[in-house]
Amino acid sequence: MLFDLQPKTRREDLYDREEKLREFEDALHLGEKLVLILGIRRLGKSSLLNVALSESNLPHAKIDVRSLYFTHGSIPQEMLAKRILGSLISSLPPSGKLRLGMIEALSSIKGLRLSGVHVEFEKKPDLAEILERINSWAESEEKRVVIAFDEAQYLRLSGVQYDGLIAYAVDNLPALTFVLTGSEVGMLHDFLGLDNPKKPLFGRYAREITLERFSREQSIDFLERGFRELGIDVSPPELERAVDRLDGIVGWLSMYGYLRGVRKLPEKDALNELFHRAEALVKEELSSLLSYSRRYGLILKAVAMGNETWSEIKEYLEFKAGRINDAKFSLLLKNLVKYGYLDKGARGYSIPDPVVAEVVKK
Ligand code: ADP
Ligand code: MG
């Protein structure tokens with residue numbers, strides 16, 4: 001169903017991502033080591049990743065780094081190792097030859113106890129060793145193994161140098177491909193440091209698959225198809241109004257479709273409910289940023305209210321929260337761009353998501 005609220009897992013539920021799926025397939029086919037799936041929140045990165053992994057038919061591990069981070073307050077190596085192994089084993093057919101072979105290959109890792117897909121360590125695991133074992137197994141099976149980190153920028157919030165580990169794997173473990181998604185595109189780039197001579201991944205090549213919002217036509221077509229799938233008639237002007245408010249952001253469009261088509265709310269109530277849910281979601285997403293400085297919220301509000309230039313935004317901020325020096329202010333703006341909350345264009349700053357803009361304006 002197009003209007004499902006969960007990330008998609010099947011190609012037939014994925015609207016217009018054929019080209020991106022092809023790119024992903026192509027990267028795997030060429031044996032590329034590092035693939036990035038980028039784009040602001042709710043453009044369908046996790047959905048694309050799910051479908052791409054399941055269609056690849058390759059052994060793979062997928063780790064939701066954001067939820068791991070929020071559960072543990074950091075990304076402990078042991079948790080990451082458990083998730084990688086558990087997910088990898090689950091991706092192989094139960095009691096098939098491949099799964100048994102992989103378990104056999106992993107069983108020589110010191111301190112590791114496997115029962116089914118349940119993973120325990122008796123002592124602190126060595127992730128590099130684990131990746132080496134996976135790589136050797138993959139080479140012996142002549143297969144590629146994909147290790148995917150969803151919202152990978154959270155890997156940077158940890159005492160462990162995961163960038164160094166990935167660099168080691170990229171250089172030395174040829175049967176592994178790492179796929180990293182990121183909503184906070186600037187943060188992910190900073191973490192990887194492909195252009196930063198001081199970072200371990202400096203100079204490595206990464207295939208970047210960037211998701212964009214749907215065009216207006218695509219957005220209308222997406223809604224039409226979704227409603228048709230549910231056997232519901234929705235008038236063209238209503239579709240236009242929905243796209244006016246939600247733009248081509250598939251996460252919001254499918255939520256609207258769900259509220260209107262599955263929950264069967266009238267147009268106005270569906271939009272109200274959507275903005276109500278969006279408010280909770282966006283506040284939650286912004287909460288850690290706001291705990292650093294409430295000025296982040298005021299800057300977003302300034303931009304949402306139509307202030308575009310550096311000085312207009314600063315003036316608003318100082319009016320609300322007192323003086324701030326230029327360097328500090330510029331840093332806050334730069335961070336908001338890195339986190340994906342602001343775009344910087346020729347005219348000035350803007351909020352890429354109109355629903356977020358409405359929420360922060362309140
Ligand atoms: P992201 O990971 O970029 O934040 P998700 O994959 O979680 O985005 O998608 C957000 C919402 O949009 C989910 O409800 C998902 O089902 C829906 N969605 C994403 N991409 C598509 C698509 N191509 N076609 C239909 N629905 C999609
Ligand atoms: Mg996601």
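Author: Let's start at Gly193, which sits in the loop between α8 (185-192) and β7 (207-210); helices here are DSSP runs of H or I with at least four residues, strands are runs of E with at least two, and both are numbered from the N terminus. This is a predicted model, where local features need pLDDT of at least 70 and side-chain atom pairs count only at pLDDT 80 or more, while totals for chains, interfaces and linings use all residues. Residues are numbered from 1 along each chain as its sequence is written, chains are lettered from A and ligands numbered from 1 in the order in which they are written, and side-chain values use heavy atoms, with hydrogens and water left out.

Gly193 has a relative accessible area of 4%, so it counts as buried (under 20% is buried, over 50% exposed, and partly exposed is in between, with a 1.4 Å probe and protein chains only). Setting aside neighbours within four places in sequence, Gly193 is in contact with Lys199, Leu201 and Phe202, where contact means heavy atoms within 4.5 Å. Arg204 is eleven residues from Gly193 in sequence, and their C-alpha atoms are 9.3 Å apart.

Glu184, in the loop between β6 (176-182) and α8, pairs with Arg41, in the loop between β1 (34-38) and α2 (45-56), 143 residues apart. The two form a salt bridge, with the closest N and O atoms 3.0 Å apart; the rule asks for a side-chain nitrogen of Lys or Arg within 4 Å of a carboxyl oxygen of Asp or Glu. Both ends are tucked away: Glu184 is buried at 7% relative accessibility, and Arg41 is buried at 12%. Salt bridges also link Arg41, Arg42, Glu184 and Glu285 in a network. By this rule the count comes to 28 salt bridges.

Another of them is Lys314 with Glu318, at 3.3 Å from N to O. These two lie four residues apart in helix α14 (residues 310-321), about one turn of the helix, and both are buried.

On to the domains. The assignment, which is automatic or from a database, gives domain 1 (17-210), domain 2 (214-285) and domain 3 (293-362). Domain 2 and domain 3 have C-alpha centres 27 Å apart, and their contact takes eleven residues from domain 2 and nine residues from domain 3. Together they bury about 880 Å², 65% of it on carbon and sulfur atoms; buried area is the accessible area (1.4 Å probe) that two parts lose on being put together, summed over both. On the domain 2 side, Phe275, Glu279 and Val282 lose the most area to domain 3, together 45% of what that side buries.

Two salt bridges cross this interface. Arg245 and Glu358 form a salt bridge, their closest N and O atoms being 3.0 Å apart. Arg245 lies in helix α10 and Glu358 in helix α16 (residues 354-361), so the pair ties together parts that are 113 residues apart in sequence. Arg245 is partly exposed, at 31%, and Glu358 is partly exposed at 31% relative accessibility.

As for which elements take part, α10 (236-246) and α12 (267-292) each supply at least two residues of the domain 2 side that touches domain 3. There α12 gives the most, with six residues.
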